[in-house]
Each structure stands twice: as C-alpha cells, then as structure tokens.
Amino acid sequence: MRRSPGLAAMALTVALGLGMFAAPRAATAAEQASEVIAGEVTKIDLDRSRVTVRSSDGKPHEFEASAETLKDLKVGDQIEAKRRPEKN
C-alpha cells in the first residue's frame, strides 16, 4: 500500500488548526480553585490540621482539614481533595 505525503500533511494541518497540539496554558485562579487532587495520604499533622497527599504525578499537596475529617484518615488512604484559593 502506498501512502500519500499530501494526506499526512493535510492531517497535521487539520490537527494544528483544531488546536490539538496547542501549548499548555496556565490554569486560571477559578480553575485552580476547583481543581481536584486525587492521591495517597502520606502525612497527617493533627497539631496543624493538615494532611499531605501525593498525587499520581508524584507531587505532594498539603491541605487544611477539620479535626473531624482528619480523625477518619490514615496514611495510605486514597482520597480526592478539592483545592481552594489561598488566603492572602
């Protein structure tokens, strides 16, 4: 079977025109505020009311949580946490 170089060029042009290969952009504050982080609990700090979660990309994320929420967690739990805007 013979391939046409013109067809491949046309497919790439269509993909570029549709933004399929667009560079990633930074998330807006609103998007960051509603971002959900899924991962494994790696640390629970009851004194500071914090829980640290390692997401699938390996990055640690620290969240503030109520004592009631923290009492039910243990290291190794898989959770989803919603990021809120940072207080200034």
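Contact here means heavy atoms within 4.5 Å. The views show a predicted model, in which local features need pLDDT of at least 70 and side-chain atom pairs count only at pLDDT 80 or more, while totals for chains, interfaces and linings use all residues. Residues are numbered from 1 along each chain as its sequence is written, and side-chain values use heavy atoms, with hydrogens and water left out.

**View 1. The open sheet of 4 strands has the order 3-2-1-4, with antiparallel pairing.** Strand 3 and strand 4 stand at the edges with a single partner strand each, so one side of each lacks a neighbour in the sheet. Strands are DSSP runs (E, at least two residues) numbered from the N terminus, and two of them pair if DSSP finds at least two bridges between them.

**View 2. Strand 1 (residues 36-45) and strand 2 (residues 50-55) pair in the antiparallel sense over 6 bridges.** Glu40 has Arg54 of strand 2 as its bridge partner, and among the 4 residues between the strands of this hairpin, Ser49 takes a positive phi near 55°.

**View 3. Strand 2 also pairs with strand 3 (residues 60-64), in the antiparallel sense over 5 bridges.** Val51 stands opposite Phe63 in strand 3, and the hairpin has 4 residues between its strands, with Gly58 in the turn at a positive phi of about 90°.

**View 4. Surroundings of Ile37.** Leaving aside neighbours within four places in sequence, Ile37 is in contact with Ser55, His61, Phe63, Ile79, Glu80, Ala81 and Arg83.
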